[in-house]
Amino acid sequence: GVKAVVIRGEGEKAFCAGGDVRAVWEAGREAKAAGSLVPGRPGQLTADFFREEYKLNRQIFRFPKPYIALIDGITMGGGVGLSVHGSHRVAGDRTMIAMPETAIGLFPDVGGGYFLPRLPGKTGLFLALTGERVKAADALALGIATHYVPSERQELILEQLVAADWSEEPRTVADSVLSGLAGTPGEASLMARQGEIDAACGAATLEEILAAMAASGSDFLAERAERLGGFSPTSMKLTLEQLRRGGELDFDACMTMEYRLSQACMAGEDFYEGLRALLVDKDKNPKWSPASLAEVDDAEIEAMFAPLGEHDLGFTD
């Protein structure tokens, strides 16, 4: 009897600003201190959190009916995973989307390895590395959002969906309701820079990408390159490899890959240091290990993609 699912945030500030990484941080620190952290082992929050989250992302991706996410507010990290894989993503005037994981010693997960490489040109890689914040116009132009409905009309969405005649094909009905309320979001400022983003982010290595951004002649890219100097070198190199592989994988394979990467990050150091600096001590001065791109061992990045054996993320259907 369900015709469609609508998901929205509570209040006006956010759709979903992400998962409770602080709880994962605390659980991981305790397990590491006790010497009991085993990547992927059930019963540990560091394993169960990501396993359940990724399985939910897959359910959303495979859901056969309209799944309508009203992303009128902050939509970051896990909030992107709750929305971008559904059939309809409705941006509003308060929409602000970002995948900021490289700043905290992680990588753009929740299916980032699948949807980011499929955005126009190199924009997905740019968003993944920099955590750039995207508003409604660019979200729509990039394909992260499917519709733009002004904030003052968003309350009408649920009313009109409830009142709609669902005897027709459900996605057609949902499209009709959303199109009837849609507005024009304005200029897509990030997409206006796609040419310079593609040129810089098309380089072969991360070092070359950063050098190209810094030397591009664009203040916009030069500022982002400087910002990346404070992000986790391991996370940035891991993210580049994740997106390169993800562009060739189907969704299930991407989620399996990302689960392996999540567990490698839980066993590492940068996630704990990144959250310490951002959310715990709030000094915003993380001490990454290793501290520079030159010190990141490519063999260690490759090892993070290794299967987890019996603890791997598996799908039975």
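Leaving aside its neighbours within four places in sequence, with which residues is F49 in contact?

Modeller: The model before us is predicted. Apart from its neighbours within four places in sequence, F49 is in contact with G19, D20 and V24. F49 itself is found in helix α2. Together with F50, Y54 and Y259, F49 forms one aromatic cluster. With Q242, which is 193 residues away along the chain, the separation of C-alpha atoms from F49 is 20 Å.

The aromatic rings may now be considered in pairs. Two rings pair if their centres lie within 6.5 Å, and planes over 60 degrees apart count as edge-to-face. By this rule, the count comes to eight aromatic pairs. One of them joins F61 and Y114: the ring centres are 5.4 Å apart and the planes stand at 80 degrees, so this pair is edge-to-face. The pair links distant parts of the chain, since F61 belongs to helix α2 (residues 45-62) and Y114 to helix α4 (residues 112-115), 53 residues apart. As for accessibility, partly exposed covers the range between the buried limit of 20% and the exposed limit of 50%. F61 has a relative accessibility of 35% and therefore counts as partly exposed.

The charged end of R118 sits over the ring of Y114, at 3.9 Å from its centre. Elsewhere, R245 lies over the face of F305, and the distance to that ring centre is 3.9 Å.

Methods. Residues are numbered from 1 along each chain as its sequence is written. This is a predicted model: local features need pLDDT of at least 70, side-chain atom pairs count only at pLDDT 80 or more; totals for chains, interfaces and linings use all residues. Side-chain values use heavy atoms; hydrogens and water are left out. Rings of Phe, Tyr and Trp (its six-membered ring) pair if their centres lie within 6.5 Å; planes under 30 degrees apart count as stacked, over 60 as edge-to-face and the rest as tilted. Helices (H or I, at least four residues) and strands (E, at least two) are DSSP runs, numbered from the N terminus. Buried means under 20% relative accessible area, exposed over 50%, partly exposed in between (1.4 Å probe, protein chains only). A charge sits over a ring if NZ of Lys or CZ of Arg is within 6 Å of the ring centre and within 35 degrees of the ring normal. Contact means heavy atoms within 4.5 Å.
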